[in-house]
Amino acid sequence: MKKITFLTLAIILSMAVNAQKAVLRTSNLRQNVNRQYVQTPMAANKLAEAKSHAKTVIELRTQNPTKKQINTRANDDTGIITEAPKGREVSYSKNTTAFYVTLGFALQEYRPAVIGNVIFCDDNTVYIRNPFSAAITNSYLKGLVDGDEITITLPQPIYYETGETDNNFVYQADRLILVDGYYHPDTENNEIKFKMRNDTLLWDEPTDGSVILGLTYDNQWMGYGDYSSTFIPMTDKKTEVPDELTTEDWTFSANGGSHTVGMAFDGNNVYMKGFYEALPDSWIKGQINGDTVTFNSGQYLGADETSGFQAYMMAAGSENVYDSIYRQEVGVYVFRDNIKFTYDMSAKKMYAESKNDSSMLVNAGKSTVYYIKRYDAPIIKQKTEITGAQKPATPQILYCDPYSEGLGFADIAFILPNTDVDGNELDTDKLHYNLFFDDDIATFTPDIYLGLKEEMTDIPYDFTDNWDFQIYMDGTVREILFYETDIEKVGVRSTYTSDEGESADSDIAWYYFTPTNISNIEPDNTDIKVVYYTDVAGRRISRPANGLYLKTEVYGNGTSKTTKVMIK
């Protein structure tokens, strides 16, 4: 039986410094307008801790762990603009400070390179698509151009949905002002203004957050909004490839995951297609110099409609920054001019040798480290046909919390590679995994795991019951809740089964619950080389503020230990 507790609420409140409780009206909006968490078990961990809290929090996080677009359903009565008149359309990269909702609270962050599309019409009207960077409504705000000024008269309907009882809800974009720590509609001024500098649009309101363009229902703020936005016209172009080149299938592997890319060679030039899975038709270009292949930073991949950002390939490394507060080195990602691969031409393989200084980021823009996805020390090699049973790569346990009487569950997050031990991509339909409690393989039953319909021992790679199994799933990252008590260790093993019915098991990754070893790896060298923190979006940060973080200690022998810390 899952226990209801308010311990998690206390944790959330300690994290939500200067955060306003978001007003959440209907379930569809909570499910569809959500924070984009990228490549991080941290977001899933917070979800697990909030799992037994209020129903609204559960719906906000579990039904849709990654942000999706809202499909606005306009009817004749709403006034929502889903199609703008014909005009001159300008594609923008919008830098903004955005509010978003997570765990029932409205938090804010700087967001670079948000996709912005604006249509300028001959009658001096202007239409701004998706005005909220964290809530993609697929609708427009209408404004009026007068000289070098754009005026948006508010409120305007922006999103419509039908509630569970067929009640209709129309959400509005409105001018909100900060009063006594809370945002309210401005009763004295109903306009938001932008200045135009050629095609650049500049926020012409206070930039301190005292005024925002916010999403409301029934004059109540829904927790989403933008302010201090700058719209910069997009001039970067995607890489073009000569038509006559032949494309070969290669495998791109990093961070326990692997996917197929296209490689084309033209003298000393090499082109890679689909390095970012969400933009499979985008290319990046590299140069071959002997046994080295170099890909330069700043290559434009395109508008990533899934995440809502203008995406670029940026090479990155890490630097250690001494933090005077915590008196230790903290690792942070920094841009590099390029990433270099060692190229074994005879083996048709390229690999980055240094994990710390050889990362490829899919980044929002090219001026600020804000990555949509990262690939550390990638390996690129010609695709090999998989035949027979292949031994999968060993899973990596990210963290594991023992059973808590207060929360009513235990929690494990791990990387489940989709590759074999040689880095070859495996068909995930042929992969399953098992959990071990102590030395016994676990069998999960519907009387305890309420989302299951029958007993389960072998868990398919992509299986989820939207409750205990895969409460968080992003690429190769998995998180599961379980209810075993008084165990000393937890293990994860994957199995690949060939078309002929032969199977091969990976090694078992173990996590030990002992006072001296709270990580999945027991360091044999206590010399700490570097310590870094990961925030709720999966980004390394130089100085953690109040909240819950993953703290990783890297030892001199290359092993590491990750723990959760609450910073107050």
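Here are some questions and answers about the predicted model shown above.

Me: How many helices and strands are there in the protein?
Reply: Before counting, note that residues are numbered from 1 along each chain as its sequence is written, and side-chain values use heavy atoms, with hydrogens and water left out. This being a predicted model, local features need pLDDT of at least 70 and side-chain atom pairs count only at pLDDT 80 or more, while totals for chains, interfaces and linings use all residues. Helices (H or I, at least four residues) and strands (E, at least two) are DSSP runs, numbered from the N terminus. On that basis the protein has four helices and 40 strands.

Me: Where in the protein is confidence lowest, and where is it highest?
Reply: Confidence here is pLDDT, the predictor's score for each residue, from 0 to 100. The mean for the protein is 79, and 74% of its residues reach 70 or more. By element, the lowest mean is 24, in helix H4 (residues 55-62), and the highest is 98, in strand S6 (residues 149-153).

Me: Which residues have the most contacts inside the largest nonpolar core?
Reply: A nonpolar core is a set of buried Ala, Val, Leu, Ile, Met, Phe, Trp, Tyr and Cys residues joined through side-chain atoms within 4.5 Å. The largest one has 40 residues, and a second, separate core of 33 residues includes Ile288, Val293, Met313 and Ala315. In the largest core, the residues with the most contacts are Val118, Phe120, Leu141, Ile150, Phe194 and Leu201.

Me: Which residues does Phe194 contact, leaving aside neighbours within four places in sequence?
Reply: Contact means heavy atoms within 4.5 Å. Across the protein, 61% of the contacts with a separation of 6 or more are between residues 24 or more positions apart. For Phe194, the partners are Asp148, Glu149, Ile150, Ile152, Leu201, Leu202, Trp203, Asp204, Ser229 and Phe231.

Me: How many residues apart in sequence are the parts that Asp226 and Lys94 tie together?
Reply: Their side chains meet in a salt bridge at 3.6 Å, N to O, a salt bridge being a side-chain nitrogen of Lys or Arg within 4 Å of a carboxyl oxygen of Asp or Glu. Asp226 lies in strand S13 (residues 220-233) and Lys94 in strand S2 (residues 88-102), so the parts tied together are separated in sequence by 132 residues.

Me: Which side chain joins that of Asp226 in a polar contact of 2.9 Å?
Reply: Asp226 is buried, at a relative accessible area of 2%, and among the residues it touches are Lys94, Pro131, Ser133 and Trp203. A polar contact is a pair of N or O atoms within 3.5 Å; within protein, one must be able to donate a hydrogen and the other to accept it, and residues adjacent in sequence count only if both atoms are side-chain atoms. The partner at 2.9 Å is Ser133.

Me: Which backbone oxygen lies 3.1 Å from a polar atom of the side chain of Gln299?
Reply: Gln299 lies in strand S19 (residues 299-304) and is buried, with a relative accessible area of 11%. Beyond four places in sequence, Gln299 touches Thr239, Ile284, Lys285, Ala311, Tyr312 and Met313. The backbone oxygen at 3.1 Å belongs to Asn296.

Note on methods
Buried means under 20% relative accessible area, exposed over 50%, partly exposed in between (1.4 Å probe, protein chains only).
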